[in-house]
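Subject: Structure handover

Hello,

Please find the structure below, followed by notes on what was found in it.

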Amino acid sequence: MPRTRLAAVLAAATLIALTGCGANAGGSNNANNSGTDFPKKGKTIELIVSFSSGGAVDTAARLVQPILEKELGTNVEVVNKPGAGGQIGYTQLTSAKPDGYTIGATGSPSVVVSPLDPARGAKYTRSSFQPLGRQVIDPTVIAVQPDSPYKTLKELLDAAKAKPKSMTASTTGLQTGEHFALAQLQETTGAEFAPVHFSEGASQATTAFLGKHVDILVANVSDVTDLNKQGKVRVLGVMTAERAPSLPDVPTFKEAGYDIEAGTVRGYSAPAGLPDAVAKKLEAALKKAIEDPTVVKKMEDLGLQTSYLSGADYAKFWAGQEDDFKKVLPLVTKKD
């Protein structure tokens, strides 16, 4: 059944024990460029974030930034290029010269799915990216206003079934993790919401929710952890196999009787074709930054468990996601 496909994608993430292959497929084309002088002193590395500032992707990038600067010995500048559900930033990333001075945060489903739908007109494919390392898996949550009449997931879904599309629900753009999760929720339960797509990312969607311009917040654990502590949201369910450590009192969808798992996988990539030596330096610096105890602790404070994969393993994982998302793409391409 389609509703089980995304669960398989997320479950696979915790089970993969891979041997490296293919992450640096383009590197051999640059064998004569040893990359031993990378990075050149004083030359800035741009880290493109395809969503607006303040969201989980941006926050994670800014946490690793100072450690990357220390490891690489040069400035690393986070550059936000929001819009089109990540597509604007991904286009800029893949259009850059593969010399190591442009890297980017990449999150799936958006980076995986956008080139699969011809209607999106993406100028890149999976092979346009050179994965450098995976950082986290961020489960999806469903939340309502703290004074909402709905105190349980069942109450909310029953109301959405009784009056289809009477409640609006946020996503961070077409074919993003939240959009897939919402489509999967509707496919599984029969509840119908009216999606509102905020293409600049979680910060824009959350602002709209807090301003009561949208009824339901479909977000990730990292987006709601602080809001939950502040009493600004009521989180009704987490789409993961086990309860989120930062939301211990929130039941999983499975506990509530719905077999649904969904979330966003995030990492870092470069344009395909990096010289091998450059790729190795970037991967080593990212590994150091992602696994730094201070970064790991701050990510945990956001409700995120670090789930590092090397560039090679991230590339293999990405390929598997592409195969799985091809099967569930109809859920987010049909009219809502």
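The largest nonpolar core has 56 residues, and those with the most contacts inside it are Leu47, Val64, Leu68, Tyr268, Leu282 and Met299. (A nonpolar core is a set of buried Ala, Val, Leu, Ile, Met, Phe, Trp, Tyr and Cys residues joined through side-chain atoms within 4.5 Å; buried means under 20% relative accessible area, exposed over 50% and partly exposed in between, with a 1.4 Å probe and protein chains only.) Helix α2 gives the largest share of this core, eight residues. Another core, of 22 residues, lies apart from it and includes Leu157, Ala169, Ala191 and Ile260. Helices (H or I, at least four residues) and strands (E, at least two) are DSSP runs, numbered from the N terminus.

This is a predicted model, in which local features need pLDDT of at least 70 and side-chain atom pairs count only at pLDDT 80 or more, while totals for chains, interfaces and linings use all residues. Residues are numbered from 1 along each chain as its sequence is written, and side-chain values use heavy atoms, with hydrogens and water left out.

Valine 64, named above for its core contacts, lies in α2. Its relative accessibility is 0%, so valine 64 counts as buried. The C-alpha atoms of valine 64 and valine 296 are separated by 9.9 Å, although the two are 232 residues apart along the chain.

Cavities and pockets

Rolling a probe the size of a water molecule over the atoms shows where empty space is left. The terms are these: on a 1 Å grid over the protein atoms alone, a cavity is a set of points where a 1.4 Å probe fits but cannot get out, and a pocket is an open set with protein on both sides within 12 Å along at least five of seven lines; lining residues have an atom within 4 Å of a point. Grid points are joined across faces, edges and corners, and a volume is the space filled by probe spheres set on the points.

The structure holds two cavities of 30 Å³ or more. The largest cavity has about 200 Å³ of space. Its lining has 23 residues, of which Phe51, Val57, Thr172, Glu178 and Arg266 lie nearest the centre. By class, the lining of the largest cavity has six nonpolar, 12 polar and five charged residues (Ala, Val, Leu, Ile, Met, Phe, Trp, Tyr, Cys and Pro count as nonpolar, Asp, Glu, Lys and Arg as charged, and the others, Gly among them, as polar). The largest share of this lining, three residues, comes from α2.

The second largest cavity has a volume of about 50 Å³. Among the residues that line it are Val57, Ala60, Arg266 and Tyr268. Here α2, β3 and β9 each supply at least two lining residues.

The second largest pocket has a volume of about 280 Å³. Of its 15 lining residues, Gly54, Gly55, Ser222, Asp223 and Asp226 lie nearest the centre. Helices α2, α7 and α8 each supply at least two residues of the lining of this pocket.

In helix α8 (residues 221–229), the buried residues include Ser222, Asp223 and Leu227. Just after α8, glycine 231 takes a positive phi of about 75 degrees.

Strand β8 (residues 234–238) has four of its five residues buried, so it is largely enclosed by the rest of the structure. It pairs with strand β4 (residues 129–144) in the antiparallel sense over four bridges (two strands pair if DSSP finds at least two bridges between them). Alanine 143 stands opposite valine 235 in β8. Leucine 153, in helix α5 (residues 153–162), has its C-alpha atom 6.4 Å from that of glycine 237, 84 residues apart along the chain.

Backbone points to check by eye

Most residues other than glycine have a negative phi, and most peptide bonds are trans. A cis peptide bond joins phenylalanine 38 and proline 39, with omega about -10 degrees. Another cis bond runs from serine 108 to proline 109, with omega near 20 degrees.

Alanine 84 is not a glycine, yet has a positive phi of about 55 degrees; alanine 84 sits in the loop between β2 (76–80) and α3 (87–95). Lysine 165 also has a positive phi, near 60 degrees, and lies in the loop between α5 and β5.

Regards
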